[in-house]
Amino acid sequence: MIVVTGSEGLIGRSLINHLINTDRDVIGIDILKNSSNKRINYFSMNLAKPDLNRIKLIEILNNNKITGWVNTHYPTSKDWDKSPVSFSSLSNVLCSHLGSYIYITQLVCENSISPISIINLGSIYGSISYDFNMYNDTNISQPVPYPAIKSGIIHASKMFAVKYANLKHRINCISPGGVYNNHSEVFLKNYSKNTPFNRMANVEELFSGFDYFLDSKSSYTTGQNLIIDGGYSLK
């Protein structure tokens, strides 16, 4: 059984369909009351405040044979994408987004009854900076906290990989580049010209990375950050 948080988002929703189509059982967790996918076991939770759902999360671990846990949820806060960001918005989003990844990773490792493969969703912006010019003439924001959040997730995952190796848990990250999601022609052109493959990723192109980390064949792989960006970060 594999748990996917953020199960109603672009990556989470698509990944779940892939997992189901490859004969794996899935539990989805998201803030929405109901899931759009009737083929999964679904739990409605606000993971921006995971401590309030601690008992539910532990029950999921105890009542199911969980072999993989994938965090793709994406908590935000009011005006977090404004610049300059207010201290209040900054504090809220760092706690809800980065904090929830740290809290959930720790909770799963401490309470899983058997070794588990955890995958946390990073980003290329956890390793490189924005190209602000790329966003000119678009309505896409560049949230100030986002690189701090994603770099924090990547490095916290490395720390947990060492901390929980004695329990045979594996913690890795996948850091996508830009994934196409009905972007404007202006942004698509700006992004593509900065990428060796001259295009954005299709969400399906991330699946092989998740498959690798979830498979027992990667049993000696932990603490890694797999960048899937078509070479964007090499520029």
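S89 lies in helix α3, where helices (H or I, at least four residues) and strands (E, at least two) are DSSP runs numbered from the N terminus. The structure is a predicted model, in which local features need pLDDT of at least 70 and side-chain atom pairs count only at pLDDT 80 or more, while totals for chains, interfaces and linings use all residues. Residues are numbered from 1 along each chain as its sequence is written, and side-chain values use heavy atoms, with hydrogens and water left out.

S89 counts as buried because its relative accessibility is 8%; buried means under 20% relative accessible area, exposed over 50% and partly exposed in between, with a 1.4 Å probe and protein chains only. When neighbours within four places in sequence are left aside, S89 is in contact with S77, K78, D79 and W80, contact being defined as heavy atoms within 4.5 Å. A polar atom of the S89 side chain lies 2.5 Å from the backbone oxygen of K78. For such polar contacts, the pair must be N or O atoms within 3.5 Å; within protein, one must be able to donate a hydrogen and the other to accept it, and residues adjacent in sequence count only if both atoms are side-chain atoms. The C-alpha atoms of S89 and N190, which are 101 residues apart along the chain, are separated by 29 Å.

The protein chain as a whole contains six helices and seven strands, and these follow one another along the sequence in the pattern β-α-β-β-α-β-α-β-α-β-α-α-β. Its radius of gyration of 17 Å agrees with the value near 18 Å that a compact globule of 235 residues would have, the radius being taken over C-alpha atoms and the globule rule being 2.2 Å times the number of residues to the power 0.38. Along the principal axes, the C-alpha trace spans about 50 × 40 × 35 Å. Of the 235 residues, 50% count as buried, and among contacts with a separation of 6 or more, 67% are between residues 24 or more positions apart.

The seven strands form an open sheet with parallel pairing, in the order β3-β2-β1-β4-β5-β6-β7; two strands pair if DSSP finds at least two bridges between them. The edge strands, β3 (41-44) and β7 (225-228), each pair on one side only, and the twist from one strand to the next averages 15°. Helix α1 packs on this sheet, touching β1, β2, β4 (68-71), β5 and β6, and its direction makes about 160° with that of β1. Here axes are lines fitted to C-alpha atoms, for helices over the stretch in contact, and angles run from 0 to 180 degrees between N-to-C directions.

Within the sheet, β1 and β2 (residues 26-30) pair in the parallel sense over four bridges, with T5 having I29 of β2 as its bridge partner. Four bridges also join β1 to β4, again in parallel, and I2 stands opposite G68 in β4. Strand β4 is in turn joined to β5 by four bridges, with the two running parallel, and G68 stands opposite S117 in β5. Beyond its neighbours within four places in sequence, V4 is in contact with residues including L15, I27, V70 and T72.

S83 and P84 are joined by a cis peptide bond, with omega about 0°, and P84 lies in the loop between β4 and α3. D137, in the loop between β5 and α4, has a positive phi of about 65° although it is not a glycine, and D137 is exposed, with a relative accessible area of 74%. K168 likewise has a positive phi, near 70°; K168 lies in the loop between α4 and β6 and is exposed at 60% relative accessible area. Most residues other than glycine have a negative phi, and most peptide bonds are trans.
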